[in-house]
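Dear colleague,

I am handing over the structure below, and after it you will find my notes on what was found in it. Please read them with the model open beside you.

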Amino acid sequence: MSDAYEAYRAKARSWLESIEADFGREARRGLTEEQDLALGRRYQSAKYAAGFAGINWPVDFGGQGLSHIEKVIFESEEMKFGVPNVYFGISLGMPVPILMRFGADKEFARERVIKALKGEEIWCQLFSEPSGGTDLAGLRLKAEQDGNGWRLNGQKVWTSWAHHSDYGVIVARTDPTVEKHKGLTYYWVDMKAPGVTVRGIKLAGGDSHVNEVFFDNVRVEDNQRMSPVGGGFGVAITTLMIERYIATDSGG
């Protein structure tokens, strides 16, 4: 480690020590999920204000413009303090970086990204389906054209934190007549839109952070489309390769 990286580690550790009493492991003890999430939002806001959110994301999107190394350094220190950041891991790890890269409306994307970095909004990833197993190309949830937009109908499952999410990224089948890899399209969706129903799944260990999500004639506009029509599989694979993308492409 260079002197600059060690100095960054010391800076990160000093800040984390300064907020431990408010946001650390002991501060969380005995909280309900709702209380812990509220604490997590405050922590994420403080983290953003201190310059430790979006460490290797572009400055234009509210990030710090640093490297992946600084990100790893901060996270290796952060994990020691037991802070309430679990609610934002998927949101900031995959959907939000994909929005930065593929969102059609860049000003909308920038606003969403900054709100996500501050913990004000949460995104989920809507890929898995009951009959899909691990076959991403075998998805059945339909997106059918409706004027200048689309209608979503179907079900997703095992969606982490969907019950707390404001938005999500979703892959839908737009053409059932072609090879399955070629008939998918990628969108973002408002999780509060009419027709979206989220139902929690109680796991054997008592945890309930995963959900079923049902889409009943849910309207999405065409500017919510994040891939060419029929080109969603490629964006989905990019989402699943996000760590490589973060480190080498966008800096997200």
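I begin with W188, which lies in strand β5; helices (H or I, at least four residues) and strands (E, at least two) are DSSP runs, numbered from the N terminus. Please keep in mind that this is a predicted model, in which local features need pLDDT of at least 70 and side-chain atom pairs count only at pLDDT 80 or more, while totals for chains, interfaces and linings use all residues. Residues are numbered from 1 along each chain as its sequence is written, and side-chain values use heavy atoms, with hydrogens and water left out.

W188 is buried, with a relative accessible area of 11%, where buried means under 20% relative accessible area, exposed over 50%, and partly exposed in between (1.4 Å probe, protein chains only). Leaving aside residues up to four places away in sequence, W188 touches L99, F108, W123, Y167, G168, V169, V220, N223, Q224 and M226, a contact being heavy atoms within 4.5 Å. W188 and C124 are 64 residues apart in sequence, yet their C-alpha atoms are 9.8 Å apart in space.

F108, one of the residues that W188 touches, brings us to helix α7, in which F108, A109, R112, V113, I114, A116 and L117 are buried. These buried residues pack against α3 (33-49), α5 (89-93), α6 (95-102), β1 (123-126), β4 (167-173) and β5 (184-190). The helix covers residues 106-117, and at 1.5 Å a residue its 12 residues should span 16 Å, which agrees with the 16 Å between its end C-alpha atoms; the expected span is 1.5 Å times one less than the number of residues. At the start of α7, a side-chain oxygen of D105 reaches to within 3.2 Å of the backbone nitrogen of E107. After α7 comes G119, whose phi is positive, near 80 degrees.

The next topic is strand pairing. Strand β7 (residues 210-221) pairs with strand β3 (residues 149-160) in the antiparallel sense over 10 bridges, two strands being paired if DSSP finds at least two bridges between them. Within this pairing, L152 stands opposite V218 in β7. Strand β6 (residues 196-201) also pairs with β7 in the antiparallel sense, over 6 bridges, and the bridge partner of T197 is F214 in β7.

W158, found in strand β3, has a phi near 60 degrees, a positive value in a residue other than glycine. N217, in strand β7, likewise has a positive phi near 60 degrees, and at 40% relative accessibility N217 counts as partly exposed.

Turning to charged side chains, a search of the whole structure finds 17 salt bridges, each being a side-chain nitrogen of Lys or Arg within 4 Å of a carboxyl oxygen of Asp or Glu. In one of them the side chains of D146 and R219 meet at 2.9 Å, N to O. D146 lies in strand β2 (residues 142-146) and R219 in strand β7, so the pair ties together parts that are 73 residues apart in sequence. At 29% relative accessibility D146 counts as partly exposed, and R219 is partly exposed too, with a relative accessible area of 25%. R219 also meets E221 in a salt bridge (3.1 Å, N to O), and E221 is partly exposed, with a relative accessible area of 31%. Elsewhere, salt bridges that share partners join E6, R9, R13, E77 and K80 into one network.

E70 lies in helix α4 (residues 68-78) and, not counting residues up to four places away in sequence, touches Y5, Y8 and I55.

With kind regards

Definitions and conventions
Polar contact = N/O pair within 3.5 Å; in protein donor to acceptor, adjacent residues only side chain to side chain.
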